[in-house]
Amino acid sequence: MPGTGSVTVRYFAGARAAVGTDTEVRDATTLEELVGQIVDDHGAKLERVLTACSFLVDGTSTRDRAVALHPGAVVDVLPPFAGG
């Protein structure tokens, strides 16, 4: 059950295909911690996709995995999109 540090993770395109869902809730205080959790739970296929992903944390693009996540944050996992 999610705790007080809950963040919402939204997956798009290839990341969604690798995970098998479009949204989940996690407890993490940094993007690095979050990525570690989702790779541990969803495996090598997601890990491969994540090497090309960028992230939006509350609408702000980042590749810095040291970024802090506050309770209630929304993290979008964005693989490169075709044509863009």
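**Reading the strands around β5**

Trainee: Which residue of β5 is the bridge partner of S54?

Mentor: In this predicted model, S54 is partnered in β5 by L78. L56 likewise has its bridge partner in β5, namely D76, and both pairs belong to the contact between strand β3, residues 54–57, and β5, which pair in the antiparallel sense over four bridges.

Trainee: How many bridges join strand β1 to β5, and do the two run parallel or antiparallel?

Mentor: Strand β1, which covers residues 6–11, is joined to β5 by four bridges, and the two run parallel.

Trainee: How should I think about the side chains along a strand, and is strand β5 mostly covered or uncovered?

Mentor: The general idea is that side chains in a regular strand alternate between the two faces of the sheet. In the present case, strand β5, residues 74–78, is mostly covered, with four of its five residues buried, where buried means under 20% relative accessible area.

Trainee: What pairs with β3 over three bridges?

Mentor: That is strand β4, residues 60–62, which pairs with β3 in the antiparallel sense, and within this pairing F55 has T62 of β4 as its bridge partner.

Trainee: Which residue in the hairpin of β3 and β4 takes a positive phi?

Mentor: It is D58, with a phi near 50°, in a hairpin that has two residues between the strands.

Conventions: Residues numbered from 1 in each chain as written. Predicted model: local features only at pLDDT ≥ 70, side-chain atom pairs only at ≥ 80, totals over all residues. Heavy atoms only, no water. Buried < 20%, exposed > 50% of the residue type's maximum accessible area, 1.4 Å probe, protein only. Pairing = 2+ DSSP bridges.
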